[in-house]
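Biologist: I have a model open and want to learn how to read it. Can we take one feature at a time?

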Amino acid sequence: MRIIALLCLTFLLGCNPDSSNGESMRTPEEVSLGFFNAIYVERDVEKAKQFVDEPMKKVLSHYYIASSVQRHVLNLAMTDVKMEIEEINIDFFRKFTDDVTVIIKMEGLKGGEPWIDDRTIRLHKRGVKWEIVEVLPEKGNLH
């Protein structure tokens with residue numbers, strides 16, 4: 001009986017997705033915050049590329065530096081940024097959806113003045129990996 005239980009346990013553990021690759025197991029929230037942190041805090045475009053799909057990687061490569069990505073891709077140049085998830089359109093059925101939008105609220109300095117703004121991004125699930133596929137046009141600032 002122990003052998004059957006051990007075989008069943010081994011089988012169940014073998015069916016789990018490869019958890020050794022932390023990148024593939026990120027949630028939409030982690031991907032979103034990782035991308036914005038790379039652009040606004042670490043100012044590292046290469047690091048930001050791990051969170052986006054191929055067409056977005058080409059756009060990021062074109063602008064090359066974080067300040068250009070802030071200005072031309074995100075339309076929001078800021079410094080001393082703190083960010084949080086404002087809203088995500090996903091719920092209990094997360095495993096059954098492949099497309100979500102996330103709103104990131106950012107607080108920091110814009111032109112030396114305190115500024116609060118948000119950006120909405122769309123993510124798509126490819127296999128077990130979430131990728132940013134689009135930065136949606138902003139609806140207005142919260143300044």
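**Reading helices, rings and charges**

Modeller: Start with helix 2, residues 28–40. At 1.5 Å a residue, its 13 residues should span 18 Å, and the end C-alpha atoms are 18 Å apart, which agrees. Keep in mind that this is a predicted model.

Biologist: Which residues of helix 2 are buried?

Modeller: Pro-28, Val-31, Ser-32 and Gly-34 are buried in helix 2.

Biologist: How do I describe a pair of aromatic rings?

Modeller: Use the distance of the centres and the angle of the planes. Here the count comes to 2 aromatic pairs. Phe-35 and Phe-36 have ring centres 5.3 Å apart and planes at 85°. Planes over 60 degrees apart count as edge-to-face, so this pair is edge-to-face.

Biologist: What is the geometry of Phe-36 and Tyr-40?

Modeller: That aromatic pair is stacked, with 6.2 Å centre to centre and 10° between the planes. Both residues lie in helix 2, 4 residues apart, about one turn of the helix. Phe-35, Phe-36 and Tyr-40 form one aromatic cluster.

Biologist: Why do Phe-36 and Tyr-40 count as buried?

Modeller: Buried means under 20% relative accessible area. Phe-36 is at 0% relative accessibility, so it counts as buried. Tyr-40 is at 3%, so Tyr-40 counts as buried too.

Biologist: Now the charges. How many salt bridges does the structure hold?

Modeller: It holds 10 salt bridges. One of them joins the side chains of Glu-42 and Lys-47, at 2.9 Å from N to O. Glu-42 has 37% relative accessibility, so it counts as partly exposed. Lys-47, at 30%, also counts as partly exposed.

Biologist: And Asp-117 with Arg-119: are they buried or exposed?

Modeller: Both are buried. Their side chains meet in a salt bridge at 3.1 Å, N to O.

Biologist: What is the N to O distance for Lys-129 and Glu-131?

Modeller: It is 3.9 Å, and the contact is a salt bridge. The cut-off is within 4 Å. Lys-129 and Glu-131 are both buried. Salt bridges that share partners join Asp-53, Arg-126, Lys-129 and Glu-131 into one network.

Biologist: A charge can also sit over a ring. Where does Lys-110 lie?

Modeller: Lys-110 lies over the face of Trp-115. The distance from the ring centre is 4.2 Å.

Notes:
Residues are numbered from 1 along each chain as its sequence is written. This is a predicted model: local features need pLDDT of at least 70, side-chain atom pairs count only at pLDDT 80 or more; totals for chains, interfaces and linings use all residues. Side-chain values use heavy atoms; hydrogens and water are left out. Helices (H or I, at least four residues) and strands (E, at least two) are DSSP runs, numbered from the N terminus. The expected span of a helix is 1.5 Å times one less than its number of residues. Buried means under 20% relative accessible area, exposed over 50%, partly exposed in between (1.4 Å probe, protein chains only). Rings of Phe, Tyr and Trp (its six-membered ring) pair if their centres lie within 6.5 Å; planes under 30 degrees apart count as stacked, over 60 as edge-to-face and the rest as tilted. A charge sits over a ring if NZ of Lys or CZ of Arg is within 6 Å of the ring centre and within 35 degrees of the ring normal.
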